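Hi there,

Here is the structure I promised to pass along.

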Amino acid sequence: MISVTKLLCDTEYFGDSLRYSQDSQGQVHGTTAGHGPVVVWNCTRTCNLKCRHCYSNSEAKDYEGELTTGEALRFIDSLAEFKVPVLLFSGGEPLLRKDLLQLASYAASKGIRPTISTNGTLLEPDTVNFLKNIGVGYVGVSLDGIGENNDRFRGRRGAFNAALKGIRNCIAAGQRVGLRFTINRNNYKDLNDIFDLVEQEDIPRVCFYHLVYAGRGSKMVEEDVTRQEARAALDLIMDRTLDFYRRGLKKEILTVDNHADGVYIYLKLKKTEPVRAEQALKLLRLNGGNRTGVAIGAVDWYGNVHPDQFTQNHTFGNVKERKFGDIWTDAGQPILAGLKNRRSLLKGRCAQCRWLDICNGNFRARAEAVTGDFWEYDPACYLTAEEIGQKN
């Protein structure tokens with residue numbers, strides 16, 4: 001995750017203390033010294049929508065074998081013991097899990113910051129007020145276009161209006177909320193409209209995700225943006241971020257799942273604001289690039305531990321059988337051990353890239369999806385051969 005506002009404007013938000021800290025350097029098991037990773041928990045696979053890019057292949061049906069309330073409470077205890085700073089409740093649709101509010105409240109009581117990733121259609125006023133009162137730090141609502149474009153992508157007419165109503169309910173209650181937008185060829189032309197929506201609705205945060213080829217999203221490889229479109233998207237995101245800042249509009253803008261963005265932002269700044277560019281480079285080096293298997297991990301609805309929520313084809317253990325911290329620090333798992341010190345394992349463009357210290361090989365799930373090799377180059381890197389310093 002890259003904070004565009006931090007790199008361009010030197011703003012400060014909660015997540016920046018985890019992303020850009022001296023204490024994060026050299027860590028192999030967590031975000032900062034003495035802490036575990038941010039954990040994404042797909043607490044249920046059930047969902048009331050059917051999104052085209054869903055990495056969990058969720059549908060509107062019950063799935064057997066999900067963690068019980070008792071197992072979930074013990075799991076949260078193990079996260080607290082490992083000093084996990086943030087627990088992101090995801091899905092499916094997490095608000096369809098009947099004990100979600102109890103579990104989020106319990107996480108908060110254990111000193112873990114609970115956050116929620118939702119499609120927003122179930123954010124009724126009573127629910128939102130409860131989330132606010134128990135200390136949910138953030139609610140991320142997924143929108144993948146404006147109006148009918150979002151509805152086509154999410155498989156249900158009216159999904160956009162329902163999600164927008166949920167966002168408005170959060171803002172009215174004082175619950176921190178933001179947008180999550182997955183860039184692809186079908187919606188990248190909506191980017192300007194998304195920024196307009198953020199301003200019109202006074203939404204304080206938006207995360208622009210790059211498409212990851214997992215689950216139903218694995219069928220969308222040909223629908224990803226081209227390298228030129230990716231660069232144009234970042235140009236627009238940078239321009240609109242700076243426009244917000246110059247007009248005094250406090251908005252946190254981030255991009256997710258493609259650390260080529262950090263390099264691209266630095267190279268652009270170097271041409272126009274060399275002092276700011278050097279400050280950005282220092283921040284990017286503190287961040288260290290993709291930290292799947294280090295500063296972020298995932299647990300699915302059955303309790304299986306994965307490198308991240310998109311890489312569910314690699315499992316390291318199950319929290320019903322072992323504590324999360326014991327699984328996360330098990331050096332006997334080749335993929336997990338490799339992720340913690342991956343540079344000598346990377347191949348192709350990634351191995352030759354001069355920005356490895358601020359990208360760390362980008363996203364392994366995409367590399368494996370396209371090449372069949374977990375350690376090959378990430379095909380979504382849009383930097384040119386000249387920019388990465390490729391030798392041949």
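Thr 44, Thr 46, Asp 62, Tyr 63, Glu 66, Leu 67, Thr 68, Thr 69, Leu 96, Arg 97, Lys 98 and Asp 99 line the second largest pocket. Please keep in mind that this is a predicted model. The space in that second largest pocket comes to about 240 Å³, and its lining is made up of three nonpolar, four polar and five charged residues.

The largest pocket holds about 320 Å³ of space. Its lining counts 19 residues, and those closest to the pocket's centre are Gly 26, Gln 27, Gly 288, Arg 343 and Asn 360. Two elements, helix 11 (274-287) and helix 13 (334-340), each give two or more residues to this lining. Helix 11 contributes the most, with three residues. By type, the lining of the largest pocket has four nonpolar, nine polar and six charged residues.

I also looked at a pair of packed helices. Helix 4 (residues 100-109) packs against helix 5 (residues 125-134) at an angle of about 15 degrees, and their axes are 9 Å apart. Angles under 35 degrees count as roughly parallel, so helix 4 and helix 5 are roughly parallel to each other. Their crossing is right-handed. On the helix 4 side, Leu 101, Ala 104, Ser 105 and Ala 108 make the contact, while helix 5 brings Phe 130, Leu 131 and Ile 134. Six of these contact residues are nonpolar, one is polar and none is charged.

Best wishes

Note on methods: Residues numbered from 1 in each chain as written. Predicted model: local features only at pLDDT ≥ 70, side-chain atom pairs only at ≥ 80, totals over all residues. Heavy atoms only, no water. Axes fitted to C-alpha atoms, helices over the stretch in contact; angles between N-to-C directions. Helix = DSSP H or I, 4+ residues; strand = E, 2+ residues; numbered from the N terminus. Parallel < 35°, antiparallel > 145°, perpendicular 65-115°, else oblique. Left-handed = near helix turned anticlockwise from the far one by under 90°. Contact = heavy atoms within 4.5 Å. Nonpolar A, V, L, I, M, F, W, Y, C, P; charged D, E, K, R; others polar. 1 Å grid on protein atoms, 1.4 Å probe; cavity = no way out; pocket = protein on both sides within 12 Å on 5 of 7 lines; lining within 4 Å. Points joined across faces, edges and corners; volume = space filled by probe spheres on them.
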